Amino acid sequence: MEELFEKWAGEPCLNKLQITANGSNRLYYRLEGETKSCIAALNKDVRENEAFFFFAKEMAKRGIKVPEVYAISEDRTTYIQEDLGNVTIYTFLSSRKTNGVDVTEYLRDLYRRAIDNLIEIQTVCRDIDFSNAYPRPCFDRQAIQWDLDYFKYYFLKLFHVPFDEQLLERDFQTFMDYLLDEDCDYFMYRDFQSRNIMLYNDELYFIDFQGARKGAAQYDLASLLYSSKSDVPDEMRKELLEYYMDRREAANDKKQKFDRESFKNKFYGYVLARMMQAMGAYGFRGVIEKKEYFVKSIPYAVRNLRKVLETVDFPIEIPHLMSVWQSIAEMKEYSDANERLTVSIFSFSYRKGVPFDKSGNGGGYVFDCRALPNPGLFDEYKTLNGRDQAVIDFFEQHPETERYLEYVRGIVGESVASYISRGYTRLMINFGCTGGRHRSVYCAERIARYIHENFDCNVSLHHLEQSKL
């Protein structure tokens, strides 16, 4: 891949950093030279690569913002593409949740922009030659059956959800008939969700579309609004569904008449189809391949399923499948009665005292940061705080800061894991320094990010000197 980079960039590759790919067997790297960077991908599945190359070219032709493919190896297993940075809709919103910011308006705006782009993708890419799709040119009965089998073998069986094979297969056939009685000639992205939408130069870019095919328009909207860990509030989902339908109606023309009632009637069927596919992935990737991210997604998926079952009436008879869904919704380990742990993290000034624990548990950890190097002693940092890049750089230049945080992660990590396993709902962690502006803020931010990234719990971050930051 370094040779591909050097041939494209005209300069040597100086840095190579592997990038995590949660749900893929592809390997990704960021390659950097003195003036250029790109993303390299390694994938032995050549047919999948060819589908990606084809769709990237065709979508770009139609004005869709996708990464440009710069170079491809002779054996077609390695390629380099445009570097769109590290920020997806998911990470952008998650960082604001971690920082204690109300993300409601961010969420609404970004999802509306994503929906506007989705409608454009579904329509302007409708004429693409889907014979180049992989593994199938359309989301037909065979493709849906694969997803349902995935759900049956890698979720129902792994999690010991009871079912009768013959009755379940009968209802699967009825369910597929219901889904396929719809206009299935749209461009279906297949995995249109917040982790596959990049924010780059304030524009939305789209990645991981190699599974695209022809299918119903409802599927991609269901993927976007019901992606498990994106955790879109239920009322906002309903609002965004209406927004999508409003936009489609406004774009009505003679060639493409939009039937709002038909679309809405089938939408929740596709929501459940997507949920079952996702649950199969969580079982396979999480339990079989032991990828923690997928295990953490299961509670969100179960809660989403529960909400759909509470609000939607289906016009078809699928009694056994309904029973299976209900059994999943009632799984005790994912019951709403088991409130998730909330970790409250505070930075404070010792001059004003240790924060009071409003949960009634009598307080939690208190970490004294005053032994760390103090940027507040230097004039250039006095008006800054622990979230400013210059202060972050200051701490990262002092190895004792990282050693200190490593000790904290060891202690706190044990407690968070124990609290989650024992069903506890509140944990308080405090970081204090002299003024509550630099050392305590920096440490609180770092530990909040660590907990958010490694544990399935809520993180609430508070800087008590916020009014001065």
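This report describes salt bridges in a predicted model.

## Basis

The model is predicted, so local features need pLDDT of at least 70 and side-chain atom pairs count only at pLDDT 80 or more, while totals for chains, interfaces and linings use all residues. Residues are numbered from 1 along each chain as its sequence is written, and side-chain values use heavy atoms, with hydrogens and water left out.

## Salt bridges overall

The structure holds 39 salt bridges (a side-chain nitrogen of Lys or Arg within 4 Å of a carboxyl oxygen of Asp or Glu). Side chains of opposite charge can pair when their charged atoms come close.

## Helices H5 and H6

Aspartate 177 and arginine 141 form a salt bridge, with 2.2 Å from N to O. Aspartate 177 belongs to helix H6 (residues 165–180) and arginine 141 to helix H5 (residues 141–156), so this pair ties together parts 36 residues apart in sequence. Helices are DSSP runs (H or I, at least four residues), numbered from the N terminus.

Aspartate 177 has 43% relative accessibility and counts as partly exposed; arginine 141, at 31%, also counts as partly exposed. Partly exposed lies between buried (under 20% relative accessible area) and exposed (over 50%), using a 1.4 Å probe and protein chains only.

## Helices H8 and H9

Arginine 260 forms a salt bridge with aspartate 246, their closest N and O atoms being 2.9 Å apart. This pair links helix H9 (residues 260–288), which holds arginine 260, with helix H8 (residues 234–250), which holds aspartate 246; the two residues are 14 residues apart. Aspartate 246 is partly exposed at 40% relative accessibility.

Arginine 260 also meets glutamate 249 in a salt bridge (2.9 Å, N to O). Glutamate 249 lies in helix H8, 11 residues from arginine 260 in helix H9. Salt bridges with shared partners join Glu242, Asp246, Glu249, Arg260 and Lys264 into one network.
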